[in-house]
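Q: Could we go through the charged side chains in this one and see how they pair up?

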Amino acid sequence: TGQVTNQLGQTFDVRVIENTNARERRYAGLNIAGSWRGGGLFVGGGYTLSRAWGSVDGENVASGPTTVGPLFYPEFIEQAWNEPEGDLATDQRHKARLFATYTTTSNRWGGVTLGVIQALSSGLTYNAIGTVNSGRYLTNPGYRQPPATVNYYFSDRDGFRTAAWYSTDVAATYTYRLPVSGGRQADLFVKGEVLNL
């Protein structure tokens with residue numbers, strides 16, 4: 001794309017930001033959920049079977065959507081080791097949540113609600129990635145400031161996967177209805193939680 005010079009005489013490589021179909025990011029998922037209520041008992045759950053795969057993650061926790069740069073300085077990269085295809089960092093095949101709550105009938109002393117959530121999730125993918133100076137192995141075709149380093153996957157994009165994890169959370173809430181005049185209602189409650197029991 002050549003170079004450009006600003007009013008101060010500084011020269012820069014031209015970069016063009018554009019949409020492209022040269023990279024892939026795909027997601028497929030199936031969600032199932034159900035619940036049942038009877039008396040003071042309420043039970044339910046949900047399950048997601050999914051897969052996220054492609055050649056670019058496209059988002060992260062810190063900034064949300066991200067851009068890709070392989071169309072910049074294409075002589076310095078090769079997609080096979082710079083952005084290989086595979087399962088993405090957000091790929092989590094199985095995720096299930098089961099829950100139950102039980103509420104006692106309120107009396108003049110108040111009511112109690114007990115709850116439990118069981119979480120089950122498969123592991124996430126990760127890889128061995130680092131940076132290399134690919135410019136050492138080619139002749140600069142005329143860039144003003146080529147990249148000093150570029151990303152290099154030393155493993156497959158989905159070369160490793162964390163272990164599955166399970167978590168049980170429980171909670172108890174005591175609610176007392178305060179006597180308020182004028183037809184209004186006010187509740188006082190105390191809640192306790194134990195996470196990852």
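Predicted model: local features only at pLDDT ≥ 70, side-chain atom pairs only at ≥ 80, totals over all residues.

Q: Which residue does Arg26 pair with?
A: Arg26 forms a salt bridge with Glu24, and the closest N and O atoms of the two are 3.0 Å apart. As for accessibility, Arg26 counts as partly exposed at 28%, and Glu24 counts as partly exposed at 30%.

Q: What about Asp91, is that residue buried or exposed?
A: Asp91 counts as buried, with a relative accessibility of 0%. Asp91 forms a salt bridge with Arg93, where the closest N and O atoms lie 3.1 Å apart, and Arg93 counts as partly exposed at 25% relative accessibility.

Q: Which residues are in the network of salt bridges with those two?
A: The network links Asp91 and Arg93 with Arg51, Asp87 and Arg161.

Q: Changing topic, what do the side chains of Asp187 and Arg177 do?
A: Their side chains meet in a salt bridge, at 3.1 Å from N to O. This pair links distant parts of the chain, with Asp187 in strand 15 (residues 186–194) and Arg177 in strand 14 (residues 165–178), 10 residues apart.

Q: And how accessible are Asp187 and Arg177?
A: Asp187 is partly exposed, with a relative accessible area of 41%, while Arg177 counts as partly exposed at 48% relative accessibility.

Q: Why would such side chains pair at all?
A: In general, side chains that carry opposite charge can pair when their charged atoms come close.

Definitions and conventions: Residues numbered from 1 in each chain as written. Heavy atoms only, no water. Salt bridge = Lys/Arg side-chain N within 4 Å of Asp/Glu carboxyl O. Buried < 20%, exposed > 50% of the residue type's maximum accessible area, 1.4 Å probe, protein only. Helix = DSSP H or I, 4+ residues; strand = E, 2+ residues; numbered from the N terminus.
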